Each structure stands twice: as C-alpha cells, then as structure tokens.
Amino acid sequence: MRVLIAGGGIGGLAAAAALLRHGIDVEVYEQAKELKEVGAGVQLAPNGTRVLYALGVGDELKRLSCEAQGKEIRHWKTGETWKLFDLGPVSIERYGFPYFTVYRPDLLGVLADAVRRLKPDAIRLGSRCTGFTQDADGVSLQLEHGAAKGDVLVGADGVHSQIRQALFGADKPQFTGVVAWRGIVPMERLPRHMARTVGSNWVGPGGHIVHYPLRAGRLMNFVGALERSDWRIESWSARGTKEEISADFRGWHEDIQAFVSEIDTPYKWALMVRAPLERWTVGRVTLLGDACHSMLPMLAQGAIMAIEDGYVLARALAGYDVATALQRYEGARLERTTRTVEGSAANIHRFHNPALADPREGRAFIDREWASQRISERYDWLFRYDATTVEI
C-alpha cells in the first residue's frame, strides 16, 4: 500500500510517521520549498504526548520543551489567580503522560526528522497539489509539476484545504467577531515574577490572553483574543503593529502591559468557525486535522486532534482494506473531533464573559465556571483518550 499525503504540517507529518512505523509506504507533498512553522507555541496535553511517545519522539521533544507544572486562571484587571489544574508529575500520575508546551517549529522539525529516519525521501518539498482523480484501482494526485499515484490520498492541507473543497465544495466560514494576536518574547525581557513553568489564562470582558513558557523557559508565548469586527483576514502571517496591540489591551493588568510592550513583531488573525463536516471520506480520499475539523484555539487541542487523527488512520490502514479502513478511521474520530470543535467554541462565552468586568462579579463567575467538577467535565475526557488503543 502507498499513501499520498497532501500537506507537510504537524498533522501530515504525524500521519506519515505513524504510517511508516506501521509498515505502510508514504509520500508527503508540501507546496513550500522548506518546512516551516510560524513562530508560535503549542500546548501538548497528555493525549497528544501519548501519541508522540508512541511515534518514538517523546524524549527528543521533551528536551526542546517545557514540562508545564500547572495551569491557572487570572482576572484580567486585578491579576487574582485561581488554580485550573496541576500538571507536571500529577499529569503523569493521572494520565500516564506529561503536558508539554513547545515551540511549533521544534515540533515540526522533530516530526520531519522522524519521517526521514524511516524513509529519507518521503517528504517532497516544492510540490503544489492542483487536483486528483480516483478509480477502483487507485488515486492520482496532480501536482504543479508532474503527478503521483497511490492507493490512498490524505488531505492534511489545513484550514483552507484544496482537497476538502474538491470533495465537498467551498466552505462558508463564519467570523466569530474575535481577532487574535500572537507573539514571542525572550523570558529575560519580562518581569522576573512571570518566569514560571505554568500556563496562565487571563479572562476578561470581551477578551482573554494565554501565555506559557517555551524552549526550557527561554521564551514566553503570547496569544491574546479580543472582540472586534474590523479585521477578517484568516492568516497567521498578517502582521500588526505594536501600537495596535497595545491599544487593544490597554487597561489590562500591568503584567500584560509589560508583556505586550516587549512583543517586537505581533501577528493577528481573524477567528473563523466552520460547521463540522458530517463525513470526511469519498472513495480512496480522506481528510485529517484542520482540513476537516478546524477549531478555535480555546481548548489547546487543534494540533493534538490532527496528531491523534494521523495515528488512528495508520492503525486502520494497517488492519483493513482501504475502503473499510477509511470508514473505520472516520467512524472512530468524527464524534470526538466534533465534540472538541464545539467545546472550543463554547469557551468564547466563558473566557470573554461580561461579568468579568466587575472584580466582585468576576470572582463569583470564575469560582463557579472553574469549580473542580466543571474542570473535570471539560478536560478529563480529552486527556484520557488513547489513540494508540481506541477501538477502530
């Protein structure tokens, strides 16, 4: 069996590594001339690190990451702090695997190295996909320069997936009314008391901010989301200005002011939502990751869902004929990813609630929404999932 993967991002490379480890031949076609990820962070909860250890890259990634000791909720104005949950040794004890915060380019590099160790020429850069055809005998992927033939085609080509559009037509993303900012700051440039190995989620009326350490604590990642309607470009590479991001978060706690002032190059993107697809597969062609279940960055599960997809897909293709495998893969993943998409969207109201404007009302709101039972309901089902053993 030969599997063609359109897209060399985190999901595509995780799928390629999983397939190769299951003895299935893979070719990855990436339109960029070099593998690059945006300079931003990604949180890897235990359900994600479980798969990365199964792929043989867990220890390598640990050396490049921070092992978060916990997550906390903070009030946007007063800075008051509530414990969300403990991580570190507690994560390993409870879920069997650690919780990492990692620089996205490091994660991409580790996955690319894993693929190349198994098949040195598996990743074909500068290969733009322009279409595909399929029949009972196989699938042909058309490239800007040439073509490739295989038994299965996987669309891992992201939120603007050409493979998805060819299968199901153009999508209709809806603007959430929220614009997100991101940036990276060397830890040494931040106030000393901020240099902790915890993830902080500041919640406020109409906006929230998440920050956490990267690269063994040498960097701090910033993502801030604010309700505004004047920017609707869904691109991670659109630059903003220091003046604009400072204006957006004026009035927030002094720690946030210090953080924002040190972001040399802020980027912004409009947060869009898409209705979850009811199916991912047509014949020999299927989808994974953002191509079929893009989600808001409010559960820190987008990249992990793609990693889980890749591993479950590999297990299915290793165990069944193509038609059966793709249906079982989709059946195993559809409900979980849809629930994650919906859970991420639900957090807009929780993170941006008007009650947070008043410190007293905000305190009561946080006490209620982040009570231990509610936290367990929102996160345990995510973290306990095991893509390496789930029934398919």
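Tutor: Start with a definition: two strands pair if DSSP finds at least two bridges between them. Helices (H or I, at least four residues) and strands (E, at least two) are DSSP runs, numbered from the N terminus. This is a predicted model, in which local features need pLDDT of at least 70, side-chain atom pairs count only at pLDDT 80 or more, and totals for chains, interfaces and linings use all residues. Residues are numbered from 1 along each chain as its sequence is written, and side-chain values use heavy atoms, with hydrogens and water left out.

Student: How many of the seven residues of strand S17 are buried?

Tutor: Buried means under 20% relative accessible area, exposed over 50%, partly exposed in between (1.4 Å probe, protein chains only). Strand S17 spans residues 267–273 and is largely enclosed by the rest of the structure. The buried count behind this is six of the seven.

Student: What radius of gyration does the chain have?

Tutor: The radius is taken over C-alpha atoms, and the globule rule is 2.2 Å times the number of residues to the power 0.38. For 392 residues, a compact globule would come out near 21 Å. The chain agrees, with 21 Å.

Student: What share of the residues in the chain is buried?

Tutor: The chain holds 13 helices and 18 strands. Its C-alpha trace spans about 65 × 45 × 35 Å along the principal axes. Of its 392 residues, the buried share is 56%.

Student: Among contacts between residues at least 6 apart in sequence, what percentage joins residues at least 24 apart?

Tutor: Contact means heavy atoms within 4.5 Å. Count the contacts between residues at least 6 apart, then take those that join residues at least 24 apart. That gives 74%.

Student: With which strands does S10 form hairpins?

Tutor: Strand S10 spans residues 138–143, and five of its six residues are buried. S9 (residues 129–135) joins S10 through six antiparallel bridges, with two residues between them in the hairpin. On to S11 (residues 146–150): five bridges pair this strand with S10, again in the antiparallel sense, and two residues lie between them in the hairpin.

Student: Is Val-139 buried or exposed?

Tutor: Val-139 is found in strand S10, as the bridge partner of Gln-134. Its relative accessibility is 3%, so Val-139 counts as buried.

Student: How far apart in space are Val-139 and Leu-4, C-alpha to C-alpha?

Tutor: Val-139 touches Leu-4, and its other contacts include Phe-132, Ala-148 and Arg-284. In sequence, Val-139 and Leu-4 are 135 residues apart. In space, C-alpha to C-alpha, the distance is 8.8 Å.

Notes: Lists of a residue's contacts leave out its neighbours within four places in sequence.
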